[in-house]
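This briefing is intended for a reader who is new to the structure shown below. Please keep the sequence and the model in view while reading.

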Amino acid sequence: MQKLGDFKLPQFFNYPPYFTLQPIRETREKQIQLWKELILEYCRSQKIFIVGLDEEFSLFSNQSIERSLSHESRVVFLSALVSEGRAEWMDKSHKKCLILWLKVQDWADYIINFVKENGLEDSVMTVEDIRSGIESRGTELAGIDRGVLIRALKLLEQKGKAAIFKGSSTDDEGVKFNI
């Protein structure tokens with residue numbers, strides 16, 4: 001089985017036709033599903049949140065079979081993720097895509113479990129502590145995209161489970177958990 005770093009690639013990654021959009025509807029639907037799953041799994045394992053259409057992204061080419069996804073294929077696969085709420089275009093020209101391997105609600109749930117597991121109920125943490133603090137090491141929260149984290153925290157704030165407060169700069173925003 002081929003690997004990309006420490007990530008095991010699926011069998012279809014070595015099958016040249018999967019790097020070309022398939023003309024038959026059923027085959028294309030299966031192809032899109034496989035690519036969506038691969039993009040989500042790979043981004044999660046590598047903690048990648050942003051994929052640029054015109055930037056180097058290792059999944060979009062396979063040198064061993066000398067194949068690369070066309071621009072159109074990239075747009076189709078990322079747009080399919082967007083339509084399912086698993087990604088969002090970051091710009092109007094659809095050049096960069098924010099990959100949500102966990103949906104914002106799932107991130108909020110993850111944060112609640114993280115807070116409970118670490119005994120942080122009724123405590124205050126900075127946003128940076130959540131992203132890169134000692135408690136976060138080895139968890140899904142380590143290195144989380146700041147924008148995704150803020151959105152999940154705002155969702156918790158709307159539910160009364162957290163209060164976000166601003167410091168004098170963006171790197172000292174704080175969160176008080178009310179769980």
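## The core around L153

Apart from its neighbours within four places in sequence, L153 is in contact with I111, V127, I130, A162, I164, V175 and F177. These contacts are read from a predicted model. L153 is also one of the three residues, together with L78 and I99, that touch the most other members of the largest nonpolar core, a set of 57 residues. In soluble globular proteins, nonpolar side chains tend to be buried together.

**Overall architecture**

- The protein chain contains five helices and ten strands.
- Its C-alpha trace spans about 55 × 35 × 30 Å along the principal axes.
- The protein chain has 179 residues, of which 41% count as buried.
- The protein chain exposes about 9,600 Å², and carbon and sulfur atoms supply 50% of that area.
- When contacts between residues at least 6 apart in sequence are considered, 55% join residues at least 24 apart.

- Strand β9 covers residues 162–165, and its side chains alternate between two faces.
- Strand β10, residues 174–177, pairs with β9 in the antiparallel sense over four bridges.
- One of these pairings places A162 with F177 of β10 as its bridge partner; A162 and F177 are both among the contacts of L153.

- Strand β7 (residues 96–99) runs antiparallel to strand β3 (residues 50–52), to which three bridges join it.
- Within this pairing, G52 stands opposite K96 in β7.
- Strand β6 (residues 87–89) is likewise joined to β7 by three bridges, and these two strands run antiparallel.
- E88 stands opposite L98 in β7.
- A hairpin is formed by β6 and β7, with six residues between them.
- In the turn of that hairpin, H94 has a positive phi of about 55°.

**Aromatic pairs**

- The whole structure holds 14 aromatic pairs.
- One of them joins F13 and W35 in a tilted arrangement, with 6.3 Å centre to centre and 55° between the planes.
- F13 lies in the loop between β2 (7–8) and α1 (25–46) while W35 lies in helix α1, so this pair ties together parts that are 22 residues apart in sequence.
- Both F13 and W35 are buried.
- F57 and F60 form an edge-to-face pair, with 4.8 Å centre to centre and 70° between the planes.
- F57 is buried, with a relative accessible area of 7%, and F60 counts as buried at 1% relative accessibility.
- Ring pairs also link F12, F13, Y15, Y18, F19, W35 and F77 into a cluster.

**A buried serine in a loop**

- S136 is located in the loop between α4 (127–132) and α5 (146–158).
- With a relative accessibility of 0%, S136 counts as buried.
- Leaving out residues up to four places away in sequence, S136 touches F114, D129, I130, R131, L141 and A142.

Terms used. Residues are numbered from 1 along each chain as its sequence is written. This is a predicted model: local features need pLDDT of at least 70, side-chain atom pairs count only at pLDDT 80 or more; totals for chains, interfaces and linings use all residues. Side-chain values use heavy atoms; hydrogens and water are left out. Rings of Phe, Tyr and Trp (its six-membered ring) pair if their centres lie within 6.5 Å; planes under 30 degrees apart count as stacked, over 60 as edge-to-face and the rest as tilted. Buried means under 20% relative accessible area, exposed over 50%, partly exposed in between (1.4 Å probe, protein chains only). Two strands pair if DSSP finds at least two bridges between them. A nonpolar core is a set of buried Ala, Val, Leu, Ile, Met, Phe, Trp, Tyr and Cys residues joined through side-chain atoms within 4.5 Å. Contact means heavy atoms within 4.5 Å. Accessible areas come from the Shrake-Rupley method with a 1.4 Å probe; for residues, only the protein chains shown count as cover.
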